[in-house]
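User: I have a structure open and would like to talk through it with you. Could you take my questions as they come?

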Amino acid sequence: MMGHQKEERELFNYAVNLEKRVRSDHPLRRVAGLIDFKFVRAEVADCYGSNGHVSVDPEVIMKMMFLLFFDDVASERELMKIIAERLDYLWFLGYGLEDEIPDHSVLSKARARWGKEVFQRLFVGTIEQCVRAGLVDGRKLHVDSSLIEADASRESVIKGPPELIAALKRAYAATESKLGEGVTTPESYQAVNDRMMSKSDPDAAMVSRGRHDSRPRYHHHRAIDDQKGVITAVETTPGSVTENRKLLDLIDHHESNTGRAAEAVVGDHKYGTQDNFVACQERGLTTHLGDASKGQDHHKVHGIFAESAFVYDPRSNTYRCPAGEVLRPRRVHPVRHTMEYKA
């Protein structure tokens with residue numbers, strides 16, 4: 001049964017008035033004034049029954065999740081420990097000094113109960129409030145991404161023929177389905193490395209970061225509105241899904257979530273592929289993107305050269321690299337459908 005936090009605040013408790021203890025210019029006061037968290041209750045109403053134990057108010061749960069990221073709290077356990085020590089947190093959550101702080105497990109249980117679709121609606125609902133508050137303009141957006149470490153060690157990675165890896169992934173997907181866990185990998189995704197897989201996190205992809213070793217990672221893609229830096233679109237994919245492949249999706253999600261037509265997009269050279277330039281031009285978008293082909297030049301420092309530095313000989317079907325070595329055909333890549341050349 002869904003609980004409901006009491007609206008009335010305790011004005012006095014041991015002569016402490018929380019309303020007076022939280023300064024007028026506190027950031028959480030601004031958040032409370034601009035974002036109405038009450039919409040959460042309507043979005044999750046179908047996730048609760050009419051009988052049984054009374055839950056923590058979904059509005060309070062959402063505020064707790066917000067505090068995790070707002071103040072970059074290390075963990076959910078840590079958050080629950082410090083709530084009772086922070087008068088501003090108590091005020092923001094609607095708790096009094098004597099109220100019992102729930103166990104950290106209420107957050108993980110809520111995530112499982114609500115599900116992905118509910119969180120997507122909550123995200124869009126928050127953006128809509130930001131638009132109404134004048135925090136989002138919508139016409140100019142920035143795109144960016146981050147590699148995120150998967151909760152899997154390198155020791156969990158197994159290697160094998162593509163057929164074996166594909167069979168193992170199907171087996172793991174079937175197990176997830178039985179357990180009621182949704183598969184996070186998009187249906188359209190094709191693994192770049194079809195010979196490696198993490199046993200503890202099959203959805204992650206083996207990706208290197210700079211000079212660091214390859215590890216199971218995810219890619220977090222996002223669009224940010226130019227006016228106040230509000231994130232308007234997000235998507236998390238396996239780490240091998242590159243930035244350029246998600247540009248148009250982010251633009252579509254940005255426009256859908258904000259209800260505004262984008263006019264300009266800003267991003268680094270990883271987004272500046274020929275296909276993206278053409279697609280943006282066809283949509284009438286002004287592009288401030290780096291050139292992906294020129295962006296490869298900085299790799300020369302590490303001994304990696306741009307494609308234009310290799311000379312192709314059609315008679316022998318070979319390439320000559322900048323170091324003078326002859327590269328001959330080695331194999332056809334089954335996923336990329338490209339020929340691999342090697343000295």
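User: Is N317 buried, exposed or partly exposed, and why?
Analyst: In this predicted model, N317 counts as partly exposed because its relative accessible area is 27%, which falls between the 20% below which a residue is called buried and the 50% above which a residue is called exposed.

User: Where is N317 found, and what is phi there?
Analyst: N317 is found in the loop between β9 (311-313) and β10 (318-320), and its phi is near 55°, a positive value in a residue other than glycine.

User: And what about D72, where is that one and what is its phi?
Analyst: D72 is found in the loop between α4 and α5 (76-83), and phi of D72 is near 50°, again a positive value in a residue other than glycine. D72 is classed as exposed because its relative accessible area is 67%.

User: While we are on loops, where does G52 lie, and is it buried or exposed?
Analyst: G52 lies in the loop between α3 and α4, and with a relative accessible area of 55% it is exposed.

User: Switching to aromatics: how many aromatic pairs does the structure hold?
Analyst: The structure holds 7 aromatic pairs. One of them is formed by F37 and F92, an edge-to-face pair with 5.9 Å centre to centre and 90° between the planes. This pair links distant parts of the chain, since F37 is in the loop between α2 (27-34) and α3 (39-44) while F92 is in helix α6 (residues 87-93), 55 residues apart.

User: Then how do W114 and F119 pair up?
Analyst: W114 and F119 form a tilted aromatic pair, with 5.5 Å centre to centre and 40° between the planes. W114 counts as buried at 4% relative accessibility, whereas F119, at 23%, counts as partly exposed.

User: Going back to F37 and F92, which residues make up their cluster?
Analyst: Ring pairs link F37, F66, F70 and F92 into a cluster.

User: Which charged residues sit over rings?
Analyst: K63 lies over the face of F92, at 5.1 Å from the ring centre, and the charged end of R86 sits over the ring of Y89, 4.1 Å from the centre of that ring.

User: F37 came up a few times, so what does E59 have to do with it?
Analyst: When the neighbours of E59 within four places in sequence are left aside, E59 is in contact with F37, K38 and R41. E59 is found in helix α4 (residues 58-70).

User: Why does E59 count as buried, given that it is a glutamate?
Analyst: E59 counts as buried because its relative accessibility is 10%, and the cut-off for buried is under 20%.

User: Now the core: how many residues are in the largest nonpolar one, and which have the most contacts inside it?
Analyst: The largest nonpolar core has 42 residues, and those with the most contacts inside it are M64, L79, I83, L107 and W114. At least two residues of this core are supplied by each of α2, α3, α4, α5, α6 and α7 (105-132), and the largest share, 9 residues, comes from α7.

User: What is L79 in contact with?
Analyst: Apart from its neighbours within four places in sequence, L79 is in contact with M64, L67, L68, V73, Y89 and L107. There is also a second, separate core of 13 residues, which includes L141, I251, A262 and V265.

User: To finish, what does the chain look like overall: how many helices and strands, and how many residues count as buried?
Analyst: There are 10 helices and 12 strands in the chain, and 38% of its 343 residues count as buried. Among contacts with a separation of 6 or more, 61% are between residues 24 or more positions apart. The chain exposes about 20,800 Å², and carbon and sulfur atoms supply 50% of that area.

Notes. Residues are numbered from 1 along each chain as its sequence is written. This is a predicted model: local features need pLDDT of at least 70, side-chain atom pairs count only at pLDDT 80 or more; totals for chains, interfaces and linings use all residues. Side-chain values use heavy atoms; hydrogens and water are left out. Helices (H or I, at least four residues) and strands (E, at least two) are DSSP runs, numbered from the N terminus. Buried means under 20% relative accessible area, exposed over 50%, partly exposed in between (1.4 Å probe, protein chains only). Contact means heavy atoms within 4.5 Å. Rings of Phe, Tyr and Trp (its six-membered ring) pair if their centres lie within 6.5 Å; planes under 30 degrees apart count as stacked, over 60 as edge-to-face and the rest as tilted. A charge sits over a ring if NZ of Lys or CZ of Arg is within 6 Å of the ring centre and within 35 degrees of the ring normal. A nonpolar core is a set of buried Ala, Val, Leu, Ile, Met, Phe, Trp, Tyr and Cys residues joined through side-chain atoms within 4.5 Å. Accessible areas come from the Shrake-Rupley method with a 1.4 Å probe; for residues, only the protein chains shown count as cover.
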